[in-house]
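The following exercises concern a single protein chain. Please examine the sequence and the structure before reading each solution.

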Amino acid sequence: DDYQAFGMDVALQAQALFHQAWVVVSNHCEQGAYSAGDVDYYGASQIIDPFGKVVAKAGQAEGLVLHTADWRGELLRGRTEGLFGKNFLQDRRPECY
C-alpha cells in the first residue's frame with residue numbers, strides 16, 4: 001500500500017472530525033505522471049462527513065463520487081449532540097477570536 005495515500009486519508013478524516021465539517025476531496029489519478037517522470041497520483045476522490053466517516057470514495061481510476069445527504073442537518077448534528085453527545089457550539093467564545 002501507499003503510505004502517503006494512507007496518511008492523507010487519515011489526515012482528511014481527522015480534519016472533518018476536528019472541524020465538524022464536510023470535506024470533499026478531488027484528487028488527480030494518473031500513474032507515472034509526465035510532469036515529474038515517475039509520480040503516481042492515487043486518485044481516491046472522496047466525501048467525508050462531519051464525523052470523519054468516508055461516505056463515498058472513488059478508486060484509482062477516473063470517476064465521479066456522489067453522496068446524497070441532508071448536509072445542513074448532518075453538519076448541525078455533528079456540531080451538537082452527534083459529537084460525543086455534547087454541544088460544543090455553546091462553549092464557543094467568538095468575542096475572543
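**Exercise 1. Identify the residue in S5 that stands opposite Ile-47, and describe the sheet around this pair.**

Step 1. Ile-47 has Ala-56 of S5 opposite it. The model is a predicted one, in which local features require pLDDT of at least 70 and side-chain atom pairs count only at pLDDT 80 or more, while totals for chains, interfaces and linings use all residues. Residues are numbered from 1 along each chain as its sequence is written, and side-chain values use heavy atoms, with hydrogens and water left out.

Step 2. Another bridge partner in S5 is Lys-57, which pairs with Gln-46. Strand S4, residues 46–48, is joined to S5 by three bridges in the antiparallel sense. Two strands pair if DSSP finds at least two bridges between them; helices (H or I, at least four residues) and strands (E, at least two) are DSSP runs, numbered from the N terminus.

Step 3. S4 and S5 form a hairpin with five residues between them, and Gly-52 in the turn has a positive phi of about 85 degrees.

Step 4. The open sheet has three strands in the order S1-S4-S5, with antiparallel pairing. Strands S1 (23–25) and S5 (54–57) are at the edges with a single partner strand each, so one side of each has no neighbour in the sheet. On average, neighbouring strands of this sheet are turned by 10 degrees against each other, direction ignored.

Step 5. Helix H1, residues 3–19, packs on the sheet and touches S1, S4 and S5; its direction makes about 35 degrees with that of S4. Axes are lines fitted to C-alpha atoms, for helices over the stretch in contact, and angles run from 0 to 180 degrees between N-to-C directions.

**Exercise 2. State which residues form the largest nonpolar core.**

Step 1. A nonpolar core is a set of buried Ala, Val, Leu, Ile, Met, Phe, Trp, Tyr and Cys residues joined through side-chain atoms within 4.5 Å. Buried means under 20% relative accessible area, exposed over 50%, and partly exposed in between (1.4 Å probe, protein chains only).

Step 2. The largest such core has five residues, namely Leu-12, Ala-16, Val-23, Val-25 and Ile-48. At least two residues of this core come from H1, and at least two from S1.

Step 3. Apart from neighbours within four places in sequence, Ala-16 has contacts (heavy atoms within 4.5 Å) with Ala-21, Val-23, Ile-48, Asp-49, Pro-50 and Gly-52.

**Exercise 3. Determine how many salt bridges the structure holds, and describe each of them.**

Step 1. Side chains of opposite charge can pair when their charged atoms come close. The criterion is a side-chain nitrogen of Lys or Arg within 4 Å of a carboxyl oxygen of Asp or Glu. The structure holds two salt bridges.

Step 2. One of them links Asp-9 with Lys-57, whose closest N and O atoms are 2.9 Å apart. Asp-9 belongs to helix H1 and Lys-57 to strand S5, so the pair ties together parts 48 residues apart in sequence. Asp-9 is buried, at 11% relative accessible area, whereas Lys-57 is partly exposed, at 45%.

Step 3. Glu-74 and Arg-77 also meet in a salt bridge, at 3.0 Å from N to O. Both residues lie in helix H2 (residues 71–79), three residues apart, which is about one turn of the helix. Glu-74 is partly exposed with a relative accessible area of 22%, and Arg-77 is partly exposed with 34%.

**Exercise 4. Summarise the whole chain.**

Step 1. The chain contains two helices and five strands, which run α-β-β-β-β-β-α from the N terminus on.

Step 2. Of its 97 residues, 27% count as buried.
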